Amino acid sequence: MEQFIKGMDISSYPEMMDQGFRYYDFDGKEVNLLDFAMQQGFNYGRLRIWNEPSRVPESGGYCDLAHTLEMAKEIVKRGMGLLLDFHYSDWWADPGHQEIPFAWKELSEDELVKEVYAYTRKVMTALDENGTYPDMVQIGNEIRCGMMWPVGAVTNWDGLSRLINAGIKAVRDTQGERDTRIVIHLDQGGRYYYYEEWFDAALAHGVTDFDIIGLSYYPFWHGTFNDLKNTMEKLTERYHKPLILAEIAHAYRRSQGNLFGEAQEKISGFPANPKAQRTVLELIMSITAHISHDMGLGVFYWEPFSRAEEDDGSWGSCMGIVDEKGVPTEGCKAFLANPRLADINRIAKIYEQKVITIPNENEVERYLPKQIKVLMWDGRLESKDVIWKDCDTYVTNNMFIDGELSSGEKVQMQIIIDTQASNLIRNGAFEEELCYWEVEASQGVKHEIRQEIAEEFPFEAKNYFYFLCKENLNLCMKQKVEHVEPGNYLFSLEYLGDNTTGVKVWMYVKGGDAEATADIFPTDSEWVKHELAFEVKCTGDVEIGIGVDSPAMYGKVREVKLVKEG
């Protein structure tokens with residue numbers, strides 16, 4: 001495709017209009033949203049289709065065939081490309097939810113395969129008669145864990161491959177002479193190991209007649225920008241297929257709840273504001289546009305015009321490219337530029353430096369890094385020399401030291417003098433394997449103690465608790481601390497691991513008169529310290545632990561501590 005795809009998933013647009021939302025240009029003048037979107041550079045529309053959403057009251061009946069036909073006409077008549085996204089479910093399908101449609105629940109595997117073919121063919125024929133046959137078709141939505149569970153779970157690749165191939169065959173049997181392309185779409189766009197495992201298995205089970213690999217990439221869930229680049233490069237090298245980012249987004253403001261706040265800002269590396277939103281979108285498009293051999297076809301913003309009545313913590317309250325009043329954010333302007341013309345030798349981001357904890361003030365210069373990593377506009381990571389200033393001055397228990405890169409940019413490093421209190425957790429560093437720890441996990445969860453060697457001076461080795469599961473999992477790792485005296489306490493741990501839709505990880509304390517929890521927002525880019533403060537009023541036993549309720553994923557835990565404050 002010569003034209004870089006700048007797509008938008010606008011499946012909820014009919015619902016937004018029915019709820020009375022209106023949309024405006026940058027000057028506050030009301031506009032037809034689709035016309036305005038084209039003026040801002042969008043050239044493709046993506047529509048999800050649910051089998052019978054009327055069976056699920058929360059769906060409002062949207063994204064059925066009738067709404068899809070109506071929206072497809074609006075997209076095609078404007079000359080935009082059309083990507084159809086089969087969920088093969090009555091409502092949401094994603095890594096944690098792949099429900100068989102209600103009407104198909106009692107079918108055998110053979111019967112289900114036939115229904116997938118018949119339903120897909122019915123929809124494609126209806127679109128053909130509507131004059132809106134799609135340019136691209138997704139067979140399933142984010143199907144890293146499979147679809148239509150349990151028949152199509154990845155634990156049953158024979159069944160999953162039959163279902164995928166039934167959908168593909170229905171498209172091929174109806175497309176005629178059209179160059180419609182089949183897309184296979186997974187989440188976790190920055191994590192190549194999932195893709196290699198999945199596509200190797202798919203090819204081995206006869207899933208071969210597809211044209212494009214689709215990735216979801218949300219930088220606050222799915223790895224770093226460099227991870228995205230590396231994943232895309234490796235995919236094209238191994239499978240020789242072009243790529244699209246079927247879902248991307250970044251917040252224009254923080255939300256209520258856990259969707260996008262300080263943790264997500266830290267993980268993505270960019271704040272939740274309109275300017276940063278534009279930068280993130282331009283960066284993702286530039287990375288995609290500069291994949292080797294022009295194999296990055298383009299991107300789709302997921303629900304850029306979704307709205308909410310108030311800041312309720314939902315997607316529409318913070319993740320679109322229009323604000324709460326329907327006025328475009330600066331992020332909307334990202335789609336006007338040609339990402340293939342971006343200057344890839346510019347620095348897109350200087351990575352925030354980790355806090356350094358040292359034993360005394362005489363160790364400062366010894367621990368300061370000599371180079372700083374920076375991200376370029378095509379997703380490359382480079383190391384720039386850094387000169388630190390005033391390293392020999394008196395160091396307080398918590399101070400900042402300024403530095404300057406060889407290219408002129410300013411950086412800063414936080415230094416802390418270690419005054420750590422006694423740890424009440426036994427074997428918190430897992431030096432004695434799982435001694436003192438109790439682990440409860442669902443079937444299929446693999447867990448063990450592993451060792452990690454630091455890549456930078458002073459090269460110390462640290463043990464960590466590792467877990468992995470290839471299907472939905474529950475896990476709890478806990479320890480009872482006896483005779484905890486009254487006072488204020490801080491429970492902390494370091495966590496590193498996957499994140500995607502449906503992941504829930506939390507730390508907790510309970511027992512006696514103490515009870516508290518804190519959510520953990522995982523990232524696999526670096527270890528992140530999480531803390532939970534609580535008060536004990538009467539001496540007693542306290543249980544501390546970490547819980548996981550998630551689709552297939554891995555996680556790591558280390559440096560578990562419980563200290564009395566003050």
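Contact here means heavy atoms within 4.5 Å. The model is predicted.

Helix H4 spans residues 109–129. Its 21 residues reach 30 Å from the first C-alpha to the last, close to the 30 Å expected at 1.5 Å a residue. The buried residues of H4 are Leu112, Val113, Val116, Tyr119, Thr120, Val123, Met124, Ala126 and Leu127. They cover an arc of only 165° around the axis, so they lie on the same side of H4. An α-helix has 3.6 residues a turn, so residues three or four places apart point the same way. On the other side of H4, Lys114, Lys122 and Glu129 are exposed. The cover over the buried residues of H4 includes three strands, S2 (44–49), S3 (81–86) and S4 (136–139). It also includes helix H3 (65–76) and H5. After H4 comes glycine 131, with a positive phi near 75°.

The axes of H5 (residues 157–174) and H6 (residues 192–204) come within 10 Å and cross at roughly 75°. Angles of 65 to 115 degrees count as roughly perpendicular, and H5 is therefore roughly perpendicular to H6. On the H5 side, Trp157, Leu160 and Ile164 make the contact.

Helix H9 covers residues 274–289. It has 16 residues and reaches 22 Å between its first and last C-alpha, close to the 22 Å expected at 1.5 Å a residue. Buried in H9 are Ala276, Gln277, Val280, Leu281, Leu283, Ile284, Met285, Ser286, Ile287, Thr288 and Ala289. Among the elements that cover them are strands S1 (5–9), S7 (243–248) and S8 (296–302). Strands S9 (347–350) and S11 (371–376) also contribute, as does helix H7 (225–239).

Backbone geometry in the loops was examined next. The peptide bond from tryptophan 149 to proline 150 is cis, with omega near 0°. Proline 150 lies in the loop between S4 and H5. Methionine 148 is found in the loop between S4 and H5. Its phi is near 45°, a positive value in a residue other than glycine. Methionine 148 has 0% relative accessibility and so counts as buried. Cysteine 63 sits in the loop between S2 and H3. Its phi is also positive, near 65°, in a residue other than glycine. Cysteine 63 counts as buried because its relative accessibility is 5%, and buried means under 20%.

Note on methods. Residues are numbered from 1 along each chain as its sequence is written. This is a predicted model: local features need pLDDT of at least 70, side-chain atom pairs count only at pLDDT 80 or more; totals for chains, interfaces and linings use all residues. Side-chain values use heavy atoms; hydrogens and water are left out. Axes are lines fitted to C-alpha atoms, for helices over the stretch in contact, and angles run from 0 to 180 degrees between N-to-C directions. Helices (H or I, at least four residues) and strands (E, at least two) are DSSP runs, numbered from the N terminus. Angles under 35 degrees count as roughly parallel, over 145 as roughly antiparallel, 65 to 115 as roughly perpendicular and the rest as oblique. The expected span of a helix is 1.5 Å times one less than its number of residues. Buried means under 20% relative accessible area, exposed over 50%, partly exposed in between (1.4 Å probe, protein chains only). The arc is that of the directions from the helix axis to the C-beta atoms.
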